[in-house]
Amino acid sequence: MSLLIKNAEWIITLDSEGRRYRQADLLIEGPAIKAIGFNLPAGEGDEIINAQGKVVLPGLINTHHHLYQTLTRNIPATQDIPLFPWLVTLYEIWRELTPEAVRLGALVGLGELLKTGCTCSSDHHYVFPRGQGNELIDIEIQAARELGIRFHATRGSMSLGKSQGGLPPDEVVQTEDEILADSERLIQKYHEAGHFAMCRIALAPCSPFSVTPELMRDSAALARRYGVMLHTHLAETLDEERFCKEKFGRRPVEYMAELGWLGPDVWFAHAIHLSDAEVALLGETKSGVAHCPVSNMKLSSGICRVNDLLSAGARVGLAVDGSASNDSSNMWNEMRIAYLLQKLAYGNNGLTAEEVLRLATVGSAEVLGREDIGYLAPGMAADIILINFEELGFAGGQHDPVAAIITCGDSQLVDTTIVNGEVVVREGRLVKVDETEIVRQANRISGEMLARAGRRTGTDYCAYPKRCHAHNLTPQ
């Protein structure tokens, strides 16, 4: 059976020719796009989606997230502080992560992404509390399958605990042997290398201040032996820059070069505080960058030099980052903020609306090493979103559909999301799961985590501990 999207107001392909179709159709057969054109005939038994008044786009692609953080957003104790103290505070709460919490955090974050136009997401999970097993990445992968989203799971890691001069508590770090053994297990069990892969694995030591140089080198060697990608945080703050200079005698990108961590199989989250030479080096090596504008603004980290990186030849994609620093998983909103922030940084030379949309689609696909997603054309994966152009928020602003989507709209929920040829969001609601039950369970377990952390540390994490929202689990 095929799926026919009929009579769309606009189809924006973002292909190399920049084609835009008006009052056109798109035919899906299995997981792939079969045809784009006018008056395409429906076959017997085909499902038809009436796309009148809707804009059809390639699905958005999120290149960096921490899904478990959806359970720890908007905590009063973690607002209005910079990255390092923010991390130290939250590590005490993340120590309370359980397999159930990881599952619910993934369902919430990935569900939000699907509802805001994202069809493929990466996630960087690096917190493995003692006593909670070693299959937290497996649980995320199962949640992604349950929702129907295309998923790049990165096996994060921290090996440098507080007792060894790192930031995280010793209770959430692992030995390097544990990390490498589980990394290999996940690659062998889940990584799909082929066309239309729904699950891929990458290796992702957390950051220069939470792992050793040996783990970085060993992870790179393991990843390249299996042909999978590498990911980490880099150059997010000036504190990190100082740390790298003092501990390693190198600037962040120079340190990565020394470790063999540059190239088209590597992408970095943030990459804000770069020298001109580092920008050039990322470009020369075709390394990738996940631009996280909302998180960077909230933590006052700085502004990524997106224009300069693109001009140098680096691969740049868009990302929401973890929900404790965003505090949402909203890819549509991330595009708007990226557009405005680059205008603030570069003035009239900032990114255009179409360039921002390409950042979130074609650019993000390149960052993740994908050639089968990111734009619409016959033979490409059927990862597609439909946005209702007849909503009130678009009225009077329909002269350019791409600019309207980046700058206008009174709702960030897409009408329809299709992944690999399957409808997973219809009329703004997740198709395959019960949203109400996910919300209820996520609120419960979020409250339980804060209550346990509060009892252990003697800290009131809630704004009103006497009337704690954590289902009467007021810290004692």
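Select Thr232 to start: this residue stands opposite Phe268 in β11. Before going further, note that this is a predicted model, in which local features need pLDDT of at least 70 and side-chain atom pairs count only at pLDDT 80 or more, while totals for chains, interfaces and linings use all residues. Residues are numbered from 1 along each chain as its sequence is written, and side-chain values use heavy atoms, with hydrogens and water left out.

Next, colour strand β10 (residues 229-234) and strand β11 (residues 266-270), which pair in the parallel sense over five bridges. Strands here are DSSP runs of E with at least two residues, helices are runs of H or I with at least four, and both are numbered from the N terminus; two strands pair if DSSP finds at least two bridges between them.

Now widen the selection to the whole sheet, an open one of eight strands in the order β6-β7-β8-β9-β10-β11-β12-β13, with parallel pairing. At its edges stand β6 (60-62) and β13 (315-318), each with a single partner strand, so one side of each is left without a neighbour in the sheet. Neighbouring strands of this sheet are turned by 20° against each other on average, direction ignored.

Angles run from 0 to 180 degrees between N-to-C directions, and axes are lines fitted to C-alpha atoms, for helices over the stretch in contact. Then show helix α12 (residues 353-367), which lies across β6, β10, β11, β12 and β13, running at about 120° to β13.

With both helices displayed, which way do α11 and α12 cross, left-handed or right-handed? Their axes come within 10 Å and cross at roughly 135°, and α11 and α12 are therefore oblique to each other (angles under 35 degrees count as roughly parallel, over 145 as roughly antiparallel, 65 to 115 as roughly perpendicular and the rest as oblique). The crossing of α11 and α12 is right-handed, a term used if the near helix is turned clockwise from the far one by less than a right angle. To see the contact (heavy atoms within 4.5 Å), show Met331, Met335, Ala338 and Tyr339 of α11 together with Ala353, Val356, Leu357 and Ala360 of α12.

Finally, move to helix α7 (residues 252-259) and helix α8 (residues 276-284), which pack at an angle of about 40° with their axes 9 Å apart. Pro252, Val253, Glu254 and Ala257 of α7 meet Glu278, Leu281 and Leu282 of α8 in this contact.
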